[in-house]
Amino acid sequence: MASVAGREATRSGHPPLDRAVLQTFYRRMRAVAPAAVGAIERDRAADPARPFPDTACGRLVRSLDDDGLRALGMWAHHWCMRFYDDDTRPGLRLVREIAGRRGLGWTADEVRWMLRESRAAGDKAEARFTLPVAAARELPPGALPPAELPAEEPPATARPAGSVVPRQLRRS
C-alpha cells in the first residue's frame, strides 16, 4: 500500500517517520483492508440512511479490538484521502465513526502519519483532518508539537457531509 504522501514525505518540515514504524502501519492496514473494502462496497449499494451499527462497516467495527480499529481508521483515512473524488460516503462515515470513539490508544507516530496523508491530499479532500485531529486529542499533552496540528479545523462546506464533487467541477 503506497502512501499518497510517500514514505519520506516531509511537507510539514518534520523528519520522516522511521521506516520500520511505517512498515508496521502498512502491515496492520493490509490486514484489515480486504474486510474494509468489502464492507464499504456493500454499504455503497445499501441504504445510506441506515443506522451505522446496522451497516457492513458497523459490523466490521464491532468485530475489531482497539488495535484493529486504529488500523481500520488509518486505512479508511488513507483510502478516503486517495480516492476523495470517487463515492467515498461510506468511507467518510466510517472515518467519522472511528474519530468519535475515545480511548483507542493512538500513538503520536500514527497521528503524524495521518496528518501527512491529509496535507498531501490537499484541501479538496473532504474531512481530511477529522480522524487525525480526533486522534491527536487522545494523545498525552506534549506528544505532538502544536505546529504539527492544523491551525484550525477546516471550515464546513456548503455541501452535505459525504457529498461528491466531480473533478471537472472543482476549482483549482
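Read along the sequence, the protein follows the pattern α-α-α-α-α-α, with six helices and zero strands, where helices (H or I, at least four residues) and strands (E, at least two) are DSSP runs numbered from the N terminus. This is a predicted model, in which local features need pLDDT of at least 70 and side-chain atom pairs count only at pLDDT 80 or more, while totals for chains, interfaces and linings use all residues. Residues are numbered from 1 along each chain as its sequence is written, and side-chain values use heavy atoms, with hydrogens and water left out.

Of the 172 residues of the protein, 45% count as buried, buried meaning under 20% relative accessible area, exposed over 50% and partly exposed in between, with a 1.4 Å probe and protein chains only. Among contacts with a separation of 6 or more, 73% are accounted for by residues 24 or more positions apart, a contact being heavy atoms within 4.5 Å.

**The nonpolar core**

The largest nonpolar core has 46 residues, of which L72, W75, L94, W106, V111 and W113 touch the most other members. A core of this kind is a set of buried Ala, Val, Leu, Ile, Met, Phe, Trp, Tyr and Cys residues joined through side-chain atoms within 4.5 Å. Two or more residues are given to this core by each of α1 (19–45), α2 (56–62), α3 (66–82), α4 (89–99), α5 (108–121) and α6 (130–137). Leaving aside neighbours within four places in sequence, L72 is in contact with V32, A36, L60, V61, L64, L94 and I98. In soluble globular proteins, nonpolar side chains tend to be buried together.

**Helix α5**

Twelve of the 14 residues of α5 are buried, so this helix is largely enclosed by the rest of the structure. The buried residues include E110, R112, R116 and E117 as well as V111, W113, M114 and L115, and what covers the buried residues of α5 includes α1, α3 and α6. At 1.5 Å a residue, α5 should span 20 Å, which agrees with the 20 Å between its end C-alpha atoms; the expected span is 1.5 Å times one less than the number of residues. After α5 comes G122, whose phi is positive, near 90°.

**Aromatic pairs**

The structure holds three aromatic pairs. Rings of Phe, Tyr and Trp (its six-membered ring) pair if their centres lie within 6.5 Å, with planes under 30 degrees apart counted as stacked, over 60 as edge-to-face and the rest as tilted. Two of the pairs are set out here.

| Pair | Distance between centres | Angle between planes | Class |
|---|---|---|---|
| F25 and W113 | 6.4 Å | 65° | edge-to-face |
| W75 and W79 | 6.0 Å | 20° | stacked |

F25 lies in helix α1 and W113 in helix α5, so their pair ties together parts that are 88 residues apart in sequence. F25 counts as buried at 5% relative accessibility, and W113 is buried with a relative accessible area of 3%. Ring pairs link F25, Y26 and W113 into a cluster. W75 and W79, by contrast, are four residues apart in helix α3 and are separated by about one helical turn; W75 is buried at a relative accessible area of 4% and W79 at 12%.

**Packing of α4 and α6**

The helices α4 and α6 pack at an angle of about 10°, with their axes 9 Å apart, which makes α4 roughly parallel to α6. Axes are lines fitted to C-alpha atoms, for helices over the stretch in contact, and angles run from 0 to 180 degrees between N-to-C directions; those under 35 degrees count as roughly parallel, over 145 as roughly antiparallel, 65 to 115 as roughly perpendicular and the rest as oblique. In this packing, V95, R96, I98 and A99 of α4 meet T130, L131 and A134 of α6.
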